[in-house]
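Okay, thanks for coming, everyone.

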Amino acid sequence: MLRTVISRALPRLSRPAACHFSAAAIPEPNTQPEVHYNKLFINNQWHDATSGKSFPTINPATGEVICQVAEADAADVDKAVKAARNAFKLGSPWRRMDASHRGLLLHRLADAIERDAAYLAELETIDNGKPYAVSYTVDLPNVVKCFRYYAGWADKWEGKTIPIDGDYFCYTRHEPIGVCGQIIPWNFPLLMQAWKLGPALATGNTVVMKVAEQTPLTALYVASLIKEVGFPDGVVNILPGMGPSAGAAIARHMDVDKVAFTGSTEVGHLIQQASGGSNLKKVTLELGGKSPNIILSDANMEDAVEQAHFALFFNQGQCCCAGSRTYVQADIYDEFVERSVERAKRRVVGNPFNLKTEQGPQVDQEQFNKILGYISTGKREGAKLMCGGGVAADRGYYIQPTVFGDVQDNMTIAREEIFGPVMQILKFKTLEEAVERANDSKYGLAAAVFTKDIDKANYVSNSLRAGTVWINCYDVFGAQAPFGGYKASGTGRELGEYGLQNYTEIKTVTMKVPQKNS
Amino acid sequence: MPVSGVQETEGTTPASPTEGKDANMTDNGHHQQSDYGCNRQSPNQNHKPQNGDGPATQNLPMPVPDPPIQYTKLFINNEWHESCSRRKIPVYNPATGALLCEVEEADTEDVDEAVRSARAAFQMGSPWRSMDASDRGQLLNRLADLVERDRLLLATLEALDSGKVFLMAYFVDLMATIKTLRYYGGWADKIHGKTIPVDGEYFTYTRHEPIGVCGQIIPWNFPVMMFAWKIAPALCCGNTVVIKPAEQTPLSALHMAALIKEAGFPPGVVNVVPGYGPKAGCAISHHMDIDKVAFTGSTAVGKLIQRAAGDSNLKRVTLELGGKNPIIVFSDCDLEHAVEHAHSGLFFNQGQCCLAGSRVFVEEPIYEEFVHRSVEKARGKVLGNPLLPGVDHGPQIDQKQFDKIMELIESGKREGATLECGGSACGQQGLFIQPTVFSNVTDDMRIAKEEIFGPVQLIMCFRTTREVIQRANATQYGLAAGVFTNDIDKALTVTSALQAGMVWVNCYNAMSVQCPFGGFKMSGNGRELGESALQEYTEVKAVTIKISQKNS
């Protein structure tokens, strides 16, 4: 997903590197990182679940249990919301804190994460299955950068004074919304946590976060760092738990002011419904995608093949913005498919702790089965299986890098989100046709176009119905640039200055004055 | 002068910045009162502050004893250079008159060399130009960390070199320096251009690009803080800098130069050239290859800078100049609070602030009481060695300033103002002036019109709101103003009527890095601090691309 660091690591060596990751070699990982925290984090303390229940978290590379983790449900959510509400009371340390000091706390959190980056990357890899080389060089640096970015915003999110008509003085205050429920997925556990916490805390909210049951470990370790750097009690509460119990309790809670969810479109519907069914809490959603990647015949072929490969296969294909419909112009179609297959065959699948590994296991049995199901549907519906298509190891949830050619728009694999290492390559003739077909989806998260022609680049990027459009690149993220979806891919934007709006209530204050002057 | 965050950032219990300021800025040892109205501590007296409201005595930071002065040369291209002329500037401790060290004196040739280095660092493709904005921010954050590490040493150097009270240097100047660097560290990757819906088949966007080589000339009253105010926004926007610290106070700037190198800024991005205004300063403002000049100092010199820009390459000019700032005290206010703030608003930093509240207009019914209490406060100040705890008033910066202040005090007496206390030098040696209060001052007196830049408070009487607004605005200056009242209508009327860049209501000197700072009229041009400062260090480029078909 976040390729900036990978692609820029080399040129940066010659530059003054302010981020030490970019210049540092990847340290040899400890493949058995110790787990320090497996309970619920409420009010800066560790709690067992009220029910006493726990669930196993699994290493997807082996299918073995790493440890048991306390399982939050509605009762624990209530407890966490009370702590968050209490921390948000007028006059509380958190509410009275200088905005710049909130920023300083976020800076210190970034420093602590940077200090423990190697350990966190190990933990992320064992819990999620993503290659360690990626956890360490992509996920962790971007987590640190995201916290630093929002640290800077804390005292720069300015209201306005407004020249309204009449003898009045009018200004706006940007106030925090209150208690924010945040529900995050398993594909980028640490990074999604940073995307959610950064803007919420910079703007002064308090948080009850539910982390995915597949990948709770790194979030809980970060909870310990949140306490270490000095966030007041109750500002951040972190609950591992299941969607239908803990997640649902957050979404319909009468004392949660806002809910932010990243995950499937299917669950996004439930979240929005729960808000309507309860207290009309504000909702932001970052959901699924079926993102088109349009390759025009004048593109640099080698670069386009590599980028399209990366766009789909990065993170085992488990990206909401995966370039999962590769539209290739007819005159270069055959060569593009051939080269893409060759590239997919070269993809190194294996032990995620091996530094040469490009692709680890899928996150769990359920995803594994679902992806294999899509592959058989693809074959049945007549797409041409060019490579892969099967299981890649005898234990763990490994799937071969898979490429389908001759894919038609009406096939299931061209319409539904697979969330796995399965690439669909489609053929098109004209620009107008490509745009129309690319937009013919309920999703609108991301898109890309590869061309050297400035007019075509402008035309396509302008015409695509997607929250993010990349030109001659893919998965280029920065904390500075907003990210989110058109249509059923979501509501609202994360990252950038725009991310702050989703965590702010605007208060207009109007004061009578004796006489107005410009 | 700056008040934000006088309290330590350690811990999570936030206090309002002003509370911290009051504890630190004004009250130390004010119980010490002598019959002379001139409390003087012997330099060797081991004195402890008696103010229970201040920071706990045992936790007070202590100056570094006999601090090493490591850096005395010109800092160009991340290296230390002797000056071309081999001339040196003697640097004195104004509290004792003792020579601290000699510093290389930059002249025109050295400025040329510094500009060449800054220009090279600004070339397209250079490490600085091709650096990610977030990395520029991270460098500023790292510099803040280093200043935090060396905070005691920098505060000690600052107190030795400028005569300011060590605890003020530590709690006010250094804290503001650190916060300024961090604040602009955060802006670096948030300076957004826009995409703009122009008419026609075009796509238009703006880029906010750095201006280029910036000359910066800073004064001696807040040496390290002014250094941070100038370099932080310039660097966050991606400019390169040639900065001239004042000849009286070059030491903290040179230490900062060493930290800039240690933090990892590429060579040539910041160049520090101590020197005199008529030589190095003049060379900067006349330079044909400097794209922008920023100056903080007197209005008289501000005019020269503006003229030099006009005579040379029309470089952009921002100026932060003098003030004769009114504080308006209505009879309905909290009197003790107003007296306290008017007192610190004038006497802070020995009166050497462009922001000094040097015209206090008090409403008639409370005039006498206000004068009485203000005199008491002024008499309570403890003069002495600024390194000692308990001292809250140091020497003036140099003989020239001392003489100018004494001359203005004499003119006040001569023109008929009532000298309530002070009015003369304190002690046989050094540059100490007694905290001085004049009452019955009228608007036409020199002391009511000219910037004194010393510990001389002038208290005038007014009757109506309309009258006081008119009198407060009747000056060439327009930097800051204060108003004390509990009446919301009076507060809103006066704040909107005053011609000043900052207006404080029921507070004074309540500055913070987030808030823009600068002057109306002849108090300056442009704004420092806050988001506003970014405009002063960027050029906006509008890029328009022809497209085949526009859609909303």
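**Helices on the sheet**

Let's start in chain B with helix 11 (residues 367–379), which lies across strand 13 (326–329), strand 14, strand 16, strand 17 (436–439) and strand 18 of chain B, and runs at about 170° to strand 18 of chain B. Helix 15 of chain B (residues 488–497) also packs on the sheet: it touches strand 13, strand 19 (480–484) and strand 20 of chain B, and its direction makes about 170° with that of strand 20 of chain B. Touching here is contact, meaning heavy atoms within 4.5 Å. Angles run from 0 to 180 degrees between N-to-C directions, with axes as lines fitted to C-alpha atoms, for helices over the stretch in contact. And helices (H or I, at least four residues) and strands (E, at least two) are DSSP runs, numbered from the N terminus.

Quick housekeeping: this is a predicted model, where local features need pLDDT of at least 70 and side-chain atom pairs count only at pLDDT 80 or more, while totals for chains, interfaces and linings use all residues. Residues are numbered from 1 along each chain as its sequence is written, chains are lettered from A and ligands numbered from 1 in the order in which they are written, and side-chain values use heavy atoms, with hydrogens and water left out.

So what is the strand order in that open sheet of chain B? The seven strands go 16-17-18-14-13-19-20, with mixed pairing. At the edges sit strand 16 (418–421) and strand 20 (502–505) of chain B, each pairing on one side only. The average twist is 20° from one strand to the next. Strands count as paired if DSSP finds at least two bridges between them. Strand 14 (residues 359–363) and strand 18 (residues 456–462) of chain B, for instance, are parallel over four bridges, and Val362(B) has Cys461(B) in strand 18 of chain B as its bridge partner.

For an antiparallel pair, look at strand 4 (residues 88–92) and strand 5 (residues 99–104) of chain B, with five bridges. Ile89(B) is partnered there by Val103(B) in strand 5 of chain B. Their hairpin has six residues between the strands, and Gly97(B) takes a positive phi near 80°.

Zooming out, chain B has 16 helices and 22 strands. Of its 552 residues, 62% count as buried, with buried meaning under 20% relative accessible area, exposed over 50%, and partly exposed in between (1.4 Å probe, protein chains only).

Over to chain A and its own helix 11 (residues 265–277). Which residues of helix 11 of chain A are buried? Thr265(A), Gly268(A), Ile271(A), Ala274(A) and Ser275(A). They sit on the same side of helix 11 of chain A because they cover an arc of only 165° around the axis, taken from the directions from the helix axis to the C-beta atoms. Turned away from that side are the exposed residues, including Glu266(A), His269(A) and Gln273(A). Covering the buried ones are, among others, helix 10 (243–251) and strand 11 (282–286) of chain A.

Strand 11 of chain A also holds Glu286(A), which UniProt lists, in an unreviewed entry, under "active site". UniProt positions are in the numbering used here, feature names are shortened, and annotations may be inferred rather than shown by experiment. Glu286(A) is buried, with a relative accessible area of 2%. Among the residues touching Glu286(A) are Trp195(A), Cys320(A), Phe483(A) and Glu494(A).

Definitions and conventions: Lists of a residue's contacts leave out its neighbours within four places in sequence.
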